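Here are my notes on this one, for when you have the model open.

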Amino acid sequence: MEKSEKYITDERTGLKYELVGDYYFIAGNDEPKDNQPIGIWGQRRLHYIKQYNRIFYTQLLLSGKLNDHLADINDQSEDMFFRLVKQIAHREGVTEQLKVENQMEWVRRMNNIQARVMEIINTDLIYK
């Protein structure tokens, strides 16, 4: 029986593997960053690609880039959400003054703005 190399590098993914016993495991520094938070937007993206784009999902999973992709989508979506809500509220005159004068109207209009922004994000980032 021949002795295997202690470390090997997968040329396709660029990940470095270490021989531990009879098996190769991802070497310490090349491990995927699983500690990145995946929020609601990342969860939606994961559900979508698992159900409707299985090839893309499998490619990300096998390359070790799934979590990074989901965290990136989540960050982009959150940034876009807050930016668009602020811009649309300003454009439509939904201000703190309205909140003081008529709270129910302010809540109704903000909920409407947030629902529209969620649809924009779903269309542009999540379900594409």
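**Notes on the model**

1. Let's start with the sheet: it is open, has three strands in the order β1-β2-β3, and its pairing is antiparallel. Strands β1 (7-9) and β3 (23-26) are at the edges with a single partner strand each, so one side of each has no neighbour in the sheet. On average, neighbouring strands are turned by 35° against each other, direction ignored. (Strands are DSSP runs of E, at least two residues, and helices are runs of H or I, at least four residues, numbered from the N terminus; two strands pair if DSSP finds at least two bridges between them.)

2. Before you go further, note that this is a predicted model: local features need pLDDT of at least 70, side-chain atom pairs count only at pLDDT 80 or more, and totals for chains, interfaces and linings use all residues. Residues are numbered from 1 along each chain as its sequence is written, and side-chain values use heavy atoms, with hydrogens and water left out.

3. How many bridges join β1 to β2? Three, and the two strands run antiparallel. Across from Thr9 you'll find Lys16 in β2.

4. Strand β2 (residues 16-20) also contains Val20. This residue is partly exposed because its relative accessibility is 44% (buried is under 20% relative accessible area, exposed over 50%, partly exposed in between, with a 1.4 Å probe and protein chains only).

5. On to helix α3 (residues 66-91): its 26 residues reach 37 Å from first C-alpha to last, close to the 38 Å expected at 1.5 Å a residue (the expected span is 1.5 Å times one less than the number of residues). After α3 comes Gly93, with a positive phi near 75°.

6. There are two salt bridges (a side-chain nitrogen of Lys or Arg within 4 Å of a carboxyl oxygen of Asp or Glu). One joins Arg116 to Glu92, with the closest N and O atoms 3.0 Å apart. That pair links distant parts of the chain, 24 residues apart: Arg116 sits in helix α5 (residues 103-126), Glu92 in the loop between α3 and α4 (96-101). Arg116 is partly exposed at 33%, and Glu92 is partly exposed at 30%.

7. Glu105 and Arg108 form a salt bridge too, their closest N and O atoms 2.5 Å apart. Both lie in α5, three residues apart, about one turn of the helix. Glu105 is partly exposed, at 23% relative accessibility.

Note on methods:
Axes are lines fitted to C-alpha atoms, for helices over the stretch in contact, and angles run from 0 to 180 degrees between N-to-C directions.
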